[in-house]
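Good morning, and thank you for joining. I shall take the two ligand sites in turn, beginning with the second.

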Amino acid sequence: MTSESAPPRIAPGARLLVTGGAGFIGSCYVRDVLARRDGTRITVLDKLTYAGNRANLEPVEQDLEQAARLRFVQGDIAEPGIVGPLVADADAVLNFAAESHVDRSILDPEAFLRTGVIGVHVLLEAVRAASSAAGLAGRPPVRFLQVSTDEVYGSVEDGHSTENDRLEPRSPYSAAKAAGELLVRSYVVTHGIDAVVTRGSNTYGPYHHPEKLIPLFVTNAIDDQPLPLYGDGLQRRDWLYVSDHAGAIDHVLRHGTSGETYNLPGSAEMTNRDVVAALLERLGKPWSLVRSVPDRPGHDRRYALDGSKLAAIGWHNRTSFEDGLAATVDWYRANERWWRAARSGDWDAYYERQYGTRLAAGQAIGRDAGLTSPDPGR
Ligand code: NAD
Ligand code: DAU
């Protein structure tokens, strides 16, 4: 029997605990799974940091049938008293919760460690306890899926990372993510828990917090504000549409082998310059908005994943970069209320701290400046 035809590990109707389910990718997962109307019940546990937003779950809450299968709990994954009973009530736990922005991990790393290391440990302890209780009662263990990132491989100048490559994280964010993964591995080996890990590529789409490259540049461009491109803008990322990322995670949850890690590649490896040119074209805004600003310290030049292990269990992305970017840009144009609210509170203070001196030192940069030969990624 191939893995694709094997019975899914988690069946329709399961009870899922989704941590970080009010964030960008987690909320997409919740919306997409509940929209299948297959009886699955989801509890979202989310601390609602600046990046978490109940409004991301509004499409579910406005649908009576789906809303009846969703429960929302505001809380911290690093709190055992909150986590224990929720895990005990679940067939599977998907951990999306994290501090997710590399630039903020350079400014303030502590929360990254608390959520990415202590939080993951608290979840693993709860999974271990609930699985042992389930075993005594003759039920299957609680399956745990840790959402990780391609950034754990560090900067990959050539070729594509495979799951057995060394972990060489280079930012506090990616170091915390790597630590979380290693804890998962230790609980599989030492305590025999049922767990899988996914390493996803750079993700984009609707409901993405405007601190990240694509939504920051789309929303700044809508307001005719400068677009702060780090360094020469020739860093490369492989872009993954958010519903493909959520779908791949769900596929690994159901078909992945315990103890294994799966790369989730994107559909388009591109330079940042090419991404910016594409979004400006969709918006009908000029390249002259772009400023080359001092680079992010330790900036990873390139990420690239080998996706053959994921393909072997039957998953393939569905959305091209062209279609995904068009849908994303159009969503931000149609949802100004959402992103203007996300750019409130401490946004101005963050923006000034991250970009104030950078933009003061910024310079206009030609679309093709410094390219001695045509970029092979075009
Ligand atoms: P996000 O910042 O949009 O969402 C994170 C969510 O986690 C928020 O809702 C936040 O409130 C919640 N959260 C943070 N700390 C918490 C805590 N201690 N307890 C409970 N909830 C907490 O992030 P995202 O972009 O949706 O990323 C989700 C996951 O995917 C993260 O683990 C991230 O490392 C990983 N990832 C992201 C990308 C990407 O490109 N966005 C790519 C690969 C992997
Ligand atoms: O690769 C997966 C990772 O992708 C996830 O694990 C992270 O959670 C997610 O934030 C993302 O990390 P990046 O650092 O790659 O994404 P970000 O959107 O911050 O930056 C994308 C590229 O754009 C990167 O080369 C830095 C550059 N950039 C970013 C910002 C915010 C700029 O040039 N200017 C900017 O203002």
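**The two ligand shells**

The shell around ligand 2 consists of ten nonpolar, eight polar and seven charged residues; here Ala, Val, Leu, Ile, Met, Phe, Trp, Tyr, Cys and Pro count as nonpolar, Asp, Glu, Lys and Arg as charged, and the others, Gly among them, as polar. This is a predicted model, in which local features need pLDDT of at least 70 and side-chain atom pairs pLDDT 80 or more, while totals for chains, interfaces and linings use all residues. Residues are numbered from 1 along each chain as its sequence is written, chains are lettered from A and ligands numbered from 1 in the order in which they are written, and side-chain values use heavy atoms, without hydrogens and water.

Which residues come nearest to ligand 2? Of the 25 around it (a heavy atom within 4 Å), they are Asp 150, Tyr 173, Asn 202, Arg 296 and Tyr 355. Oxygen atoms of ligand 2 lie 2.5 Å from a side-chain N or O atom of Asp 150 and 2.6 Å from a polar side-chain atom of Asn 202. The protein buries 95% of the 680 Å² that ligand 2 exposes when taken alone (Shrake-Rupley method, 1.4 Å probe).

Turning to ligand 1, 29 residues surround it, with Ile 25, Asp 46, Ser 100, Tyr 173 and Lys 177 the closest. The side chain of Tyr 173 places an N or O atom 2.6 Å from an oxygen atom of ligand 1. Of the 830 Å² of accessible area that ligand 1 has on its own, the protein covers 96%. The shell around ligand 1 divides into eleven nonpolar, 14 polar and four charged residues.

Key: A polar contact is a pair of N or O atoms within 3.5 Å; within protein, one must be able to donate a hydrogen and the other to accept it, and residues adjacent in sequence count only if both atoms are side-chain atoms.
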